[in-house]
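Take a first look at the model below. Then read on for a guided walk through its parts.

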Amino acid sequence: MRHHNSRDAMLFSLPFLVVYALFLVAPIFYGIYLSFFDWNVLSGKTFIGFRNFVDAFHDEKFLSSLLHTCQFVLLSTPATIIVGFLMALAVVAPFRMGKTAETVFFLPYIFSITVVGTLWSWIFQKNFGILNQVLVALGIPGVGWLTDPSVAMHSIVIATVWWTAGFNMILFSAGMKQIPEEVYESARLDGAGRLTILTKITIPLLRDTTILVLILQIIASFKVFGQSYVMTGGGPYGSTRVLVQYIYETGFSYFKMGYASAMSVILFLIILVISVVQFAVARDEK
Amino acid sequence: MRRKHFGEIALALVVVIWLAPVLWLAVTSLKTEKDVIVDHPAIFTTLPTVANYIYAFSRTGIARWLLNSTIVSVVTTVLTVAIDAMIAFAIARIRFRGSKALFIFVLAGMMVPFEALIIQLYLQFNAMGLINSLAAVILPRLAMPIGVFILVQFFKGIPAALEEAAYIDGAGRWRVFWSVILPLGKAAIVTVTILSFINAWNDFLWPLVAVSDTAKYTITVGIANFQGTHGTEYSLIMAGALVASAPQIALFLGFRDQIVKGIAMTGIKG
């Protein structure tokens, strides 16, 4: 009855593999191929070797986009992780409203980025936004949340923390629930205080979860696009233009497909390296 | 005891702060334009109005965009679950050479940032003559490696006895897949369905690239565009944003535990 295992496995895998090959595998190789060409939609394709890559590292806009992306990664990663961790501590603690808190903390994550972006654009609005209204009422001058180049990226990070910290909370609280109660009990019997339990038990035992959250967060942050696209359009003065947005503009506003592909390859490599590091770390654990 | 009370109060405060933006979204959407662009705005409007919602549905493309998003999300979800479940069945329940390699090949897809593929995908769909169509929005999202991962883990845990019995009764492969594995794998199917739907509904960058005709916008692209065309009409924009989120809010309230479990299980980030 099981003579046709290979054939059946192939048939069941085929629909997935066709889609996968056409829209994931093929674009990877097509992108690498395109990255070696100078190709405006108007002109023909010209092979130029590694020129696009060399050009990228002399292109001020590319470098500043890369810098802003790194800035976003460095600001948002610790913030979302710490907030997510504190949320997890709160929801696993025996508080009466723990379940409500978990729901509320996670809620923003289900919204799309354009909804989050438009909502926070309104909250951050300089003259009539609620945040500045509150500040002014307290006698503090309003802030150009999205209009001041030195502040805008931080505002985007605030909106991002609100949007995604609940996601990290879920991962952390799942990890916390796996720590056996006996571990805590014996620590308490030994007279350990709350802080000792937190630093000597909870945090070390959550190491794997923390590494997972960290890697996911870094990868997600490198791919940032919607926040700045909706909230600032990359401004003011390009201060929040990130890598994906520059790729998007290069391709669809300037029609430089070869150059945009080369930058996509660079983004791909950055994320690949982070993924490989994750893989290596995960393997070391075992 | 006092410490416990302090904790409760602090947590309640944070919960209120976290919920405040959503409340502000709802409250703004019920105000008139005149009540929004003012100094010292009232927290709660005394004269709530649904005019913004009526305007949004009658004078903007929002109804159309909702329809587009519904089509895209439903079709994407049904097809994703189907093809993911089929390959997961092959990997988890059929013994064949190369099954492990196939699984690794599929999982490797999780490392590929979709954002790095938009240029090539655009050119591919343009060459296929499918750009600016809902099909273009749907197709690249169908093969969802994380869905395969969830389903394979779950299918592997199903006891072999039932499957064996079905084979002995003369059932074919398809029959076993359809009447044994799928019903027993319902929990995982539900998780993948919800994740796929939310991903499809919230997708932004690819629909932005794939579609240029406003009548073909999905709701995420439409809402982003709203800001451009309605500038400072914040009450209208907020009404649109809330309408755009209605399906996820409903899904979240109905399937909160499955969503949370799905995320805890896989750690996917949309």
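The text goes from the chains to their contacts, and then to single elements.

This is a predicted model, in which local features need pLDDT of at least 70, side-chain atom pairs count only at pLDDT 80 or more, and totals for chains, interfaces and linings use all residues. Residues are numbered from 1 along each chain as its sequence is written, while chains are lettered from A and ligands numbered from 1 in the order in which they are written.

Start with chain A. It holds 13 helices and 2 strands. Helices (H or I, at least four residues) and strands (E, at least two) are DSSP runs, numbered from the N terminus. The C-alpha atoms of chain A fill a box of roughly 75 × 75 × 30 Å along the principal axes. Its radius of gyration is 24 Å, whereas a compact globule of 286 residues would have one near 19 Å. That radius is taken over C-alpha atoms, and the globule rule is 2.2 Å times the number of residues to the power 0.38. Of the 286 residues in chain A, 44% are buried. A residue is buried if 20 or more other C-beta atoms lie within 10 Å of its own, exposed if 12 or fewer, and partly exposed in between, with C-beta atoms placed from the backbone.

Now turn to chain B. Its secondary structure comes to 14 helices and 0 strands. The C-alpha atoms here fill a box of roughly 75 × 65 × 35 Å, again along the principal axes. Chain B has a radius of gyration of 23 Å; for a compact globule of 270 residues the value would be near 18 Å. Buried residues make up 45% of chain B.

How many residues of chain A are in contact with chain B? There are 68, and they meet 71 residues of chain B. Two residues are in contact if their C-beta atoms, placed from the backbone, lie within 7 Å. Helix H1 (residues 5–34) of chain A gives the largest share of chain A's side, with 17 residues. That side divides into 49 nonpolar, 16 polar and 3 charged residues. Here Ala, Val, Leu, Ile, Met, Phe, Trp, Tyr, Cys and Pro count as nonpolar, Asp, Glu, Lys and Arg as charged, and the others, Gly among them, as polar.

Look along H1(A) itself. A kink of about 50° lies at Leu14(A), shortly before the proline Pro15(A). The bend at a residue is the angle between axes fitted to the seven residues ending there and the seven starting there. Buried residues of H1(A) include Phe12(A), Phe16(A), Tyr20(A) and Phe23(A).

The largest nonpolar core has 160 residues. Such a core is a set of buried Ala, Val, Leu, Ile, Met, Phe, Trp, Tyr and Cys residues joined through C-beta atoms within 7 Å. Met263(A), Ile87(B), Ala88(B), Phe89(B) and Leu151(B) have the most contacts inside this core. Helix H7 (residues 152–177) of chain A gives the most to the core, with 14 residues. Domain 1 (1–49) and domain 2 (58–266) of chain B both give residues to this core, so it lies between them. Leaving aside neighbours within four places in sequence, Leu151(B) is in contact with Asp84(B), Ala85(B), Ala88(B), Gly185(B), Ala188(B) and Val192(B).

Those domain bounds come from an automatic or database domain assignment. The C-alpha centres of the two domains of chain B lie 34 Å apart. Across the boundary, 9 residues of domain 1 are in contact with 8 residues of domain 2. On the domain 1 side, helix H1 (2–29) and helix H2 (33–36) of chain B each supply at least two residues. H1(B) gives the most, with 4 residues. This side divides into 4 nonpolar, 3 polar and 2 charged residues.

Is helix H5 (residues 113–123) of chain A enclosed or open? 11 of its 11 residues are buried, so H5(A) is largely enclosed by the rest of the structure. Trp120(A) and Trp122(A) are among them.

Thr147(A) sits in the loop between helix H6 (130–137) and H7 of chain A. Thr147(A) counts as partly exposed because it has 15 C-beta neighbours inside 10 Å. Thr147(A) and Gly235(A) are 88 residues apart in sequence, yet 7.8 Å apart in space, C-alpha to C-alpha. Leaving aside neighbours within four places in sequence, Thr147(A) is in contact with Lys126(A) and Pro236(A).
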